[in-house]
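Here are a few friendly notes to read alongside the model. Take them in any order you like.

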Amino acid sequence: MTLSSLCALNAAEKPRSYAGTNSTLLRRTLRMDRVRLAEEVVRRLSERYKQSLVERVGKGVPYRVFVATILSQRTRDEVTERVAERFLRRWGDVKALAAADVSEVQNAIKEVGLAPAKARYLVSAARIILQRFNSQIPKTEEELLSLPGVGQKTAGCVLVYAYGQAAIPVDTHVHRIANLLGLVKTKTPEQTRRQLQALLPRHLWLPVNRIFVLFGREICRQRKPACQSCPLADICPSAGGKETAPKQPERSAKKASTGG
Ligand code: SF4
């Protein structure tokens, strides 16, 4: 079976060649086809996108990754990088940040989006990490989610980029592209995260956030995806704009202020 037929399969959902197959076998076969499509997508995009902003700024150091992830939300990469490097020179570890004045932090990060909320969250999270986690950035999703301003996406980024743990942080790019490629059929990023984690073998989880975020900014953009120059055009059921991207989901009240 060719990849283009896999895509047609994903788009049609009920291929004629499977008529008469029992429903359990059909579901299993469709799932396997999506896994093979995902493997090809990850292979192609991994060759093109080798490092994200959070990886570049974070350098695999958990505190740096945590700060870069929070600062990067709703902010252009070049601004995040400049502000994060300045921030990390001034507040180089959890202890220094825990002792910081919130208004000074807010002033230092005023170029990034949602600076007042991020300043509050960064300082209060640092104080909790100092007291409750012995100054170590937590290593579990549950502990990370207990910190102010940390939602599923931020927790996933810390697990992936600081600790190399298998997780799939899903932002609007990952949500949109996974739907356009027919890997999932969902209405919210959280549904996408659950479906991707159920679909993909764990060895594919780590690169998904990096490659889809960078791909979503460069080629498969929210407005005007560049299908004509897309390296996935031959395997994408939405190539040429026949399919529409999923609507932007409502943000949950809890993490709406930073996009969590
Ligand atoms: S072909 Fe178009 S819609 Fe499909 S992944 Fe590429 S840019 Fe996005």
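Which residue forms a salt bridge with Arg193?

1. The partner is Glu141, and the closest N and O atoms of the two residues are 3.8 Å apart. Please keep in mind that this is a predicted model. Arg193 belongs to helix H12 (residues 189–199) and Glu141 to helix H9 (residues 141–145), so their pairing ties together parts that are 52 residues apart in sequence. Arg193 is buried, at a relative accessible area of 10%, whereas Glu141 is partly exposed at 31%.

2. Salt bridges with shared partners also link Glu40, Arg43, Arg44, Glu47 and Asp234 into one network. A search of the whole structure gives 17 salt bridges.

3. Now look at helix H13 (residues 205–218), where Glu218 lies. The side chain of Glu218 meets that of Arg48 in a salt bridge of 3.3 Å, N to O. Since Arg48 sits in helix H2 (residues 23–48), this pair ties together parts that are 170 residues apart in sequence.

4. Arg217, also in helix H13, has a salt bridge with Asp77 (2.7 Å, N to O). Asp77 is buried, with a relative accessible area of 19%, while Arg217 is partly exposed at 39%.

5. Ile177 is found in helix H11 (residues 172–180) and counts as buried, because its relative accessibility is 1%. Beyond its neighbours within four places in sequence, Ile177 is in contact with Phe212, Phe215, Gly216 and Cys220.

6. Finally, the ligand: the residues around it include Phe215 and Cys220. Its shell has eight nonpolar residues, one polar residue and no charged ones.

How values were computed:
Residues numbered from 1 in each chain as written. Predicted model: local features only at pLDDT ≥ 70, side-chain atom pairs only at ≥ 80, totals over all residues. Heavy atoms only, no water. Near = heavy atom within 4 Å. Nonpolar A, V, L, I, M, F, W, Y, C, P; charged D, E, K, R; others polar. Helix = DSSP H or I, 4+ residues; strand = E, 2+ residues; numbered from the N terminus. Buried < 20%, exposed > 50% of the residue type's maximum accessible area, 1.4 Å probe, protein only. Contact = heavy atoms within 4.5 Å. Salt bridge = Lys/Arg side-chain N within 4 Å of Asp/Glu carboxyl O.
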